Amino acid sequence: MAKKVLRNVTHCIFDMDGLLLDTERIYEEVTRQIAASFGRPYPEATRFRVMGTTEKRSAEIAITECQLPITTSDFLKRYSQLCHERLGNVPLLEGAERLLRHLHANKVPFALATSSGADMVELKSTYHKELFALFNHKVCGSTDKEVANGKPAPDIFLVAASRFSKPAVAGDCLVFEDSPNGVTAANSAGMQVVMVPDPRLSEECCSHATQVLRSLADFKPEQFGLPPFTD
């Protein structure tokens, strides 16, 4: 993969699932369980197409590609119930807390831009309330009326940029993502994007990111003109 030019930024925008919180594996297990209840597999390719999309769009993709005899509404009811049973105490992923606290301590504005609904965000952050309170604001794509189209459309990142106390220019924002849909959305918004992908994703699926890392622990803020770590 060709090395890309990194530009200085002033604001950061973070996805949540699979980047900050170890939730993507639970979503995968839940959807696989629903598909299996109808005797259907949940192919890996479908899983990656679902990643990063809104709850409704995820359900539509899973139903269509897995050929499930169930309505979107019924799928979401099952999905929500199973998720609520498993998402109450999910751990943070490597490097997440260190980076968020570093940005906050250095007064770098940062926001959350997740495709989840507000209720799911509340549930998933139950054991990390103090950390998630550090965000300048949160944009929840499945329930936010200003987000007309979910990822891979750029809407959620443009809305997030507009809600900083002083609205941020797209080119001054650095997005952190784990999904190809999220990377496409950030690119479409005119933002650089650091990707921490599922290791099963092909190099081609990650090729549009500005930078690809194994984990947030490998991120070097100074490469984007942000204050370096001192610990």
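On a 1 Å grid over the protein atoms alone, a pocket is an open set of points with protein on both sides within 12 Å along at least five of seven lines. A cavity, by contrast, is a set of points where a 1.4 Å probe fits but cannot get out, and lining residues, for both, have an atom within 4 Å of a point. Grid points are joined across faces, edges and corners, and a volume is the space filled by probe spheres set on the points.

Some housekeeping. Residues are numbered from 1 along each chain as its sequence is written. The model is predicted, so to speak of local features we need pLDDT of at least 70, side-chain atom pairs count only at pLDDT 80 or more, totals for chains, interfaces and linings use all residues, and side-chain values use heavy atoms, with hydrogens and water left out.

Back to the pocket. Its lining has 20 residues, and those nearest the centre are G18, L93, P197, D198 and P199. Helix α1 gives the most to this lining, with three residues. Helices (H or I, at least four residues) and strands (E, at least two) are DSSP runs, numbered from the N terminus. By residue type, the pocket lining has eight nonpolar, two polar and 10 charged residues. Here Ala, Val, Leu, Ile, Met, Phe, Trp, Tyr, Cys and Pro count as nonpolar, Asp, Glu, Lys and Arg as charged, and the others, Gly among them, as polar.

Now the cavity. Searching the whole structure gives one cavity of 30 Å³ or more. The volume of the largest cavity is about 260 Å³. It is lined by 25 residues, with D17, Y27, G52, T53 and S58 closest to its centre. At least two lining residues come from each of α1 (24-36), α2 (44-50), α3 (55-66), α4 (72-86) and α6 (118-124). The cavity lining divides into seven nonpolar, nine polar and nine charged residues.

S58 takes us to α3. This helix has 12 residues and spans 16 Å from its first C-alpha to its last, close to the 16 Å expected at 1.5 Å a residue; the expected span is 1.5 Å times one less than the number of residues. Which residues of α3 are buried? They are S58, A59, I61, A62, I63 and C66. Buried means under 20% relative accessible area, exposed over 50%, and partly exposed in between, with a 1.4 Å probe and protein chains only. The cover over these buried residues includes α1, α2 and α4, counting contact as heavy atoms within 4.5 Å.

Next, some backbone exceptions. Most residues other than glycine have a negative phi, and most peptide bonds are trans. Q67, which follows α3, is not a glycine, yet its phi is positive at about 55°. Q67 sits in the loop between α3 and α4, and counts as exposed because its relative accessibility is 54%. K107 is another non-glycine with a positive phi, about 60°. K107 belongs to the loop between α5 (96-105) and β2 (110-114), and is exposed at 73% relative accessibility. The peptide bond joining K151 and P152 is cis, with omega about 20°. P152 is in the loop between β3 (138-140) and α8 (155-162).

Last, E85 in helix α4. E85 is exposed, with a relative accessible area of 57%. C-alpha to C-alpha, E85 and G182 are 26 Å apart in space, and 97 residues separate them in sequence.
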